[in-house]
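Dear colleague,

Please find below the structure that I am handing over to you. My findings follow directly after it.

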Amino acid sequence: MKRTHLLLWLTASLVYIFLYIPLIIVVVYSFNDSRLNAEWVGFTLDWYYKLFHNQEMLLAARNSLFIAVSASLLATILGTMAGLAIHRYRIRVLPFLAFAPIAMPEILLGVSLLLFFLQVMNLTLGLISIIIAHTTFCVGFVAIIVRARLQGMDDSIFEAARDLGATPWQTFRLITLPLIMPAIAAGALMSFTLSIDDFVITFFTKGIGEPILPIQIYTMIKISVTPEINAISTLFMLLTLVLIIIANRLDSGILQGEKKS
Amino acid sequence: MALLELRNVIRRFGDFTAVDNVSLSIETGEFFTLLGPSGCGKTTLLRLIAGFDTPDSGQILLDGEDIASTPPEKRSIHTVFQSYALFPHMTVTDNVAFPLKMSKVAPAEIRKRVEKALEEVQLSKFAHRFPHELSGGQKQRVAFARGLINRPRLLLMDEPLGALDAKLREDMQRELINLQKEVGITFIFVTHSQDEALALSQRIAVMNVGKIEQIGEPSTIYSAPANRFIADFIGKINLMEAGVTHISGEDMTLEIDGLGTITLPLKPAVQPGDRGVIAIRPEQVKVYALAERTEVPHAYTGKVLDFLYVGDVTTYVIELDNGVRMEALLANSAPGRARFFEVDDPVIVSWPQEAAQFLPDQP
């Protein structure tokens, strides 16, 4: 009994060390006063200072933020609608259509979107094409979360609202929307995190011109690995972490069904 | 004019006819029950009346006006759901106020009426609680308060007592009858529980496979079931296969399979050769010890096969000499008396002539 316990702790610790040591090293060396990620010389904020004066990097960050906000906004609206439709109409092909992009290999999605934009839509690649691409793979995630929330609820609640005098729109605004709000917010945050660090699909659909953050980082590594990359990675991590924590808070409510009567 | 009238209402789901040509009319102030086994179409019928579903054909008239395709929010009909369907993100007050808000009643008036309604159902103390903080009985009272607050013409109830435990259910049945008398609103109650239907209703419609089999007062449904299905469904009953041998004047003579002939008053439309069942309620069956040698009509000898003692009454299963089994219900009313007979005791079974009814098979 005691032995298994110890073994379990040991394995768990090893897994966590394996997962987090590289991340911790990245964070620590972002404050290191040396060009090399080899030995600790002294504390500095130089790399952050440099980062915030790198025009290309700032532009990339701004672009990425713009894409992530737009794509997650679009995906949240479309995904919520998809989740509601899947729940209400129970047509078998509907969930498949919405969820397929999640399961599809990213590279496949990237290539097919690229061909679609160029050959079918005749679109100039740029921010717009990236936003559309990101929206397509985020919609499914939002739809899944919204649908899960609806599945956990008693459908007669919505009939009761109609029964007691609410129009379909009033029912949506006063009953459905407040009840699925945590799911919508969780879906939005998830879309944001997925979009802001997406590399593969972005790479295929960005074209030339506008710098995008994950690709910009990759390009910097190709030239030389400087602690500037550590700094941007650290900031990135921080943002994602905050969003994950918020999403998790909202989502755990769904899992526990706290509002289910 | 009837408050609610259904005319030849039909609702199909694919090949399955859930509501099959139903016509009925309900008067203002009635406590009406739709009773039937699960899947008989009673809930579908209720949903058609509420407006959650539209009939494939037929009319639904409320105060003489066809509402078959009117959306639920435009009908002066409210529903109390089996799950109560309280809005989980609203307090008790907001739940009860919801129908008034929807019909744009002034806020001050809403506050006054909600307070009064909560007082009536003894929930004033719980006004600011959320539904998940209430017990089953309290939730149900909120559901009723919410359904009745803006005085609908009709209140529909879909097995509202189903989720409560037995003791509470009996209390709620009594409260429900009183509530209906007080508010004077017409109630349509849906249940699969015959006890509940008999206890609560002024009239009952018994449904089976989408059709209404009989409409009548509880005592009529119980004592004069229209057919074999109803006899079997409502309460316990002894059913014995029988055939009509001949008819003379006001009487008909029947041959009960393996038991002999009996004579009963003639039922309309019965022909010699018709087959059906003789139905006798267990509480109408008299049982005597063989030693008593009582001279009674319709007496058959047999022995006790089994019995079920439930306190106030004991049900005896008696096998007659020719193999027919009958159940008899005897009240344990004599002081200190737990039961009358033991297994294998020889007995005589009989019943008053009027207790036996012939229910012809449907063509």
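How many helices and how many strands does the secondary structure of chain A hold? The secondary structure of chain A comes to 11 helices and zero strands, where helices (H or I, at least four residues) and strands (E, at least two) are DSSP runs numbered from the N terminus.

Some conventions come before the details. This is a predicted model, in which local features need pLDDT of at least 70 and side-chain atom pairs count only at pLDDT 80 or more, whereas totals for chains, interfaces and linings use all residues. Residues are numbered from 1 along each chain as its sequence is written, and chains are lettered from A and ligands numbered from 1 in the order in which they are written.

Chain A

Taken along the principal axes, the C-alpha atoms of chain A fill a box of roughly 70 × 65 × 30 Å. Chain A has 261 residues, of which 34% count as buried; a residue is buried if 20 or more other C-beta atoms, placed from the backbone, lie within 10 Å of its own. Among the contacts in chain A with a separation of 6 or more, 80% are between residues 24 or more positions apart, a contact being two residues whose C-beta atoms, placed from the backbone, lie within 7 Å.

One helix pair in chain A deserves a description. Helix 4 (residues 93-103) and helix 6 (residues 127-151) of chain A pack at an angle of about 120°, with their axes 7 Å apart. Here axes are lines fitted to C-alpha atoms, for helices over the stretch in contact, and angles run from 0 to 180 degrees between N-to-C directions. On the side of helix 4 of chain A, the contact is made by A:Ala98, A:Phe99, A:Pro101 and A:Ile102. Helix 6 of chain A contributes residues including A:Phe137, A:Gly140 and A:Ile144. By class, the residues of this contact between helix 4 and helix 6 of chain A are nine nonpolar, two polar and no charged; Ala, Val, Leu, Ile, Met, Phe, Trp, Tyr, Cys and Pro count as nonpolar, Asp, Glu, Lys and Arg as charged, and the others, Gly among them, as polar.

Chain B

Chain B has eight helices and 20 strands. Its C-alpha trace spans about 80 × 50 × 35 Å along its principal axes. Of the 363 residues in chain B, 36% are buried. Residues 24 or more positions apart account for 63% of the chain B contacts with a separation of 6 or more.

The domain assignment, which is automatic or from a database, divides chain B into domain 1 (4-228), domain 2 (237-279) and domain 3 (282-355). The C-alpha centres of domain 1 and domain 2 of chain B lie 41 Å apart.

Five strands of chain B form an open sheet in the order 15-19-16-17-18, with antiparallel pairing; two strands pair if DSSP finds at least two bridges between them. Strand 15 (286-289) and strand 18 (325-331) of chain B are the edge strands, each pairing on one side only. From one strand to the next, the twist averages 45°. Strand 17 (residues 313-320) of chain B pairs with strand 18 of chain B over seven bridges, and B:Thr315 stands opposite B:Leu329 in strand 18.

Between the chains

At the interface, 18 residues of chain A are in contact with 20 residues of chain B. Helix 7 (156-163) and helix 8 (168-196) of chain A each supply at least two residues of the chain A side. The largest share of that side, six residues, comes from helix 7 of chain A. By class, the side of chain A that touches chain B has seven nonpolar, five polar and six charged residues.

With kind regards

Definitions and conventions
A residue is buried if 20 or more other C-beta atoms lie within 10 Å of its own, exposed if 12 or fewer, and partly exposed in between; C-beta atoms are placed from the backbone.
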